[in-house]
Amino acid sequence: MRVSAENKRVRVKAIAGTHVVLMAMDVSESARAGLRGFAIKRGLDGGPQTWLKGIKYFKDTVPHPNPGDEYSSREQPLQSFLWSDYAAAPGRKYDFTIVPLYGEPKFLQERDALSFSIGTEAEDDGHHGVWFNRGAIASHAFATEFHNKQLTDAMVNDVGDDGALHDPEVAWLSRGLAEACLRYINGTA
């Protein structure tokens, strides 16, 4: 699904897949001076929105960071005009609010908030299925979630008769791809 939204000073184009919402933001030239970045909130289909998090921070506001910490984009804005939310789930409707932040890092001011809604695609519509495993982009998330646990052949091959992966690390990395392949292979007998 693709969505475009804009107000007088901010524009966004968003593209949703099954598990990712990609957002490309732009601000008018008159709104660029003093821009520190973007805070982004996400909510599920009309529900409450919460600030997305990132790993970058202003040194003035986080003088002693801990490895692996994540920071609210409202306090530590995303300093990119391109951002992807990799925590989306298939077949859901999400509401986003993008808020440009200005001023000194300790006293950020919100301006020109822009909201939009977008739906993710279903993995399988009954006729066609699309699955993507987690690639290199998810390496930080894997390190945070599983402390870079080393995978073994035994973990990868620990599969139930129903095609379910028993190991949580392997299932997380697969994100349904291995399971869909196994269902297909087992369904040809």
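Ile15 is partly exposed, with a relative accessible area of 36%; this class lies between buried (under 20%) and exposed (over 50%), for a 1.4 Å probe and protein chains only. The model is predicted, so local features need pLDDT of at least 70 and side-chain atom pairs pLDDT 80 or more, while totals for chains, interfaces and linings use all residues. Residues are numbered from 1 along each chain as its sequence is written, and side-chain values use heavy atoms, without hydrogens and water.

Ile15 belongs to strand β2; strands are DSSP runs of E with at least two residues, numbered from the N terminus. A hairpin of four residues links β2 to β3. The pairings of β3 are listed below; two strands pair if DSSP finds at least two bridges between them.

| Strands | Sense | Bridges |
|---|---|---|
| β2 and β3 | antiparallel | seven bridges |
| β3 and β8 (residues 82-85) | antiparallel | four bridges |

Met23 in β3 has Ala14 opposite, and Leu22 has Ser84 of β8 as its bridge partner. In a regular strand the side chains alternate between the two faces of the sheet.

The largest nonpolar core has 23 residues, of which Met23, Phe96 and Phe116 touch the most other members. Such a core joins buried Ala, Val, Leu, Ile, Met, Phe, Trp, Tyr and Cys residues through side-chain atoms within 4.5 Å. Elements giving two or more residues to this core include β3 (21-27) and β9 (93-102).
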